[in-house]
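Look over the structure, then read on.

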Amino acid sequence: MRRASSKVGEKLAPYVLLAPFLFTLIVFFGYAFVRVVYFSFTTYDLFSKPEWVGLKNYVNIFRDLDFTRAMKNSLTFMVVVTTAQTIIALLLALLLNQKVRGIRFFRAAYYMPSVASSVVVTLIFIWFFQRRGVLNFVITKFKEYQAIILLFLFAAAAIHIVLVVWEKLRRRPVSVFEPSFMFLGVLIGFIVAFGAVRFGFLVPREVPPVDIIWFNTTKTWPDFLGSLAFPIPLGAIMLFNIWTTAPTFMLLYLAGLQDIPRELYEAAAVDGAEGWHIILHIIAPQLKPITFLVVTMGLIGTLQMFDQVAILGSQAPRSSVITLAYYIYSNLFPSSAVPRVGMASAAAMFLALLTFIIVYAQRKVLGEEGENA
Amino acid sequence: MKREPAEGGLTTTYRFRLVNTGEVALDPVPMDLTVPMRQQFVSATLAPNRIERLGRAQSWNNVSAGLLPYVFGNYARVFRENYSASTGKGLFLLWIRNSFFLAVTRVITTLIFASMAGYALARLNFRGKQGIFAFLLFSMMIPQQVTFISNYLVLRDGIFGLSRLFGVPTLLNTYAGLIVSGLVGASSVFIMKQFFERLPASLEESARIDGASTYTVFFRIMLPLAKPPLGALTILTFQGVWNEFFWPLVVITSPADRFPLTIGLLNLQRAYGAATFDWGPILAGTFISALPVIILFIAFQQYFVEGISFSGTKG
């Protein structure tokens, strides 16, 4: 029924609809990628013509101390942050999967740091980690009141354990984490700690203010790891990054947890499973695909870490925080030298390759998992 | 001036007189002065809103009239003290405007082009479809820090010289550059494709039998159905552009009038952090810039959750 005159138009329609997207895809991705591959075999300073040098750049980046440092920093960052944030995201999700009043508020509150821009959170982070900043202050205060805090925790735990054991001995059904006992424990612990201070059994210790330099240092930590230890400024970024990205993955886990059918829990309850058994044998297998997703996204995301380093700028020694992404950027726009596009491109190819390997490995593993499920 | 020996040093008490020559009456004056060593306040000739003065005589900036101006003093300072060197306009407001402009433009182009491409990839048959889709997936895997080397050059040369036709020699430091290079992202196309694939085929078929063209089907039937994913895409794109840092940092380097808010904040940090960190205005600016996304997040929480699971499928 179609009119013959519009047939050509119909044939072209998909390409017309795709045109804007194809334009960006081809110019800003396809062409760009091919050109970076080409640049990686040349020396080029953005102004004169590129000169073919073969594999020299790939050899040279490994002779560049900055590159090896960037490589090491990036990989350390990737491994530590991905591991920590995955675990924390899972724990947070388990915690926030409770049916408690106002849980939506807590979910939103935990997610908040992930919404703001990296500049915003990084600036807050720099402020937090100043030499006379919030973090050092909190650590100082903690050291001062250490004994009192310990007394409080000890008293609270003791009361709780005594109550639970007492109930169990009388063969009453009671959960290990009975909330009313917990509340009682905290209350009595508080009274004990308060009393101890009030009547002078314990006094806050006098400690010199903690003076950890978080940024402007080339020290590494922890010492026993030798050359595997990471620079302290990088460690600070790690701590912070875990805090800002864990909530994103927490939401993924939360969605996964809510997808687990109720019947599974009920069946488990009938079989008498509780606590850790449920987590290990029911929740864990169900969350496997999400864990793979979270780990892959984490690996790729951490590998591209750039913003924090750029915003930190000269506040931390370059060698302590430089990452692959920053290495590429700083070779293209060096502050006082000729741009080394070839080196930047070779490093970029390296980054692409690393990402590719990770995605490929994940596909492999996930594919096999998918078949089993 | 009085000096008294104190524990471990010397306590020096200064007495000084403030003379208010401005028009605003400073009635109760709460003061928060941090006085650097050997600082001559008397001879501070630069106006308080001059960026060159920051970090030298910053303590004077904290003098304010009344409690409220004192509490929100840093917020006022962010707007008051950052002036453009060339036009004399307040920079911070400009940055906010720039970010809004960029975000809104990107949202519009993304909505239109992503739904067009997504529809074509999901429901039309044409040669090269598989290839284009595979290419799309591949492009989502390669980090931005790889391709930006060439993209920077492409913009510098005005997209193969095409921009010369409009009399613009280079697209660096222009919004046109940012907009053209970010017309539509691969992940947005992916989201729209996923959505259109799930719609039942019967919707389209009856219209086709009536002889409607592809364009009619798309604009009249499919697009009105796509409100939910377009809503999510709006929120996510807005948030993405508002928070974007790396690419604007490469493209927009000067003048400060053209910075988006993220780069502006970096500028703010450099200005106030030049001598000693004057954290008040930095954190005030930080908070203001985070406010829109926080409001968006509170209003449209659900979309954010969906967004992650969408981008999750890209891995």
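Which helix gives the largest share of the lining of the second largest pocket? The model is a predicted one. The helix is α11(A), with six residues in the lining.

## The second largest pocket

The volume here is about 1,300 Å³. A total of 34 residues line the second largest pocket. Nearest its centre lie L94(A), L95(A), Q98(A), I279(A) and I283(A).

Several helices of chain A each supply at least two lining residues: α3 (65-96), α4 (103-115), α9 (232-259), α10 (262-270), α11 (276-286) and α12 (288-303). By class, the lining holds 22 nonpolar residues, six polar and six charged.

## L94(A) at the pocket

L94(A) sits in helix α3 of chain A. It is among the residues nearest the centre of the second largest pocket.

What does L94(A) contact, leaving aside neighbours within four places in sequence? The partners are L257(A), I279(A) and I283(A). Two of these, I279(A) and I283(A), are also listed among the residues nearest the pocket centre. In sequence, L94(A) and I283(A) are 189 residues apart. In space, their C-alpha atoms are 9.6 Å apart.

Note on methods:
Residues numbered from 1 in each chain as written. Chains lettered and ligands numbered in written order. Predicted model: local features only at pLDDT ≥ 70, side-chain atom pairs only at ≥ 80, totals over all residues. Heavy atoms only, no water. 1 Å grid on protein atoms, 1.4 Å probe; cavity = no way out; pocket = protein on both sides within 12 Å on 5 of 7 lines; lining within 4 Å. Points joined across faces, edges and corners; volume = space filled by probe spheres on them. Helix = DSSP H or I, 4+ residues; strand = E, 2+ residues; numbered from the N terminus. Nonpolar A, V, L, I, M, F, W, Y, C, P; charged D, E, K, R; others polar. Contact = heavy atoms within 4.5 Å.
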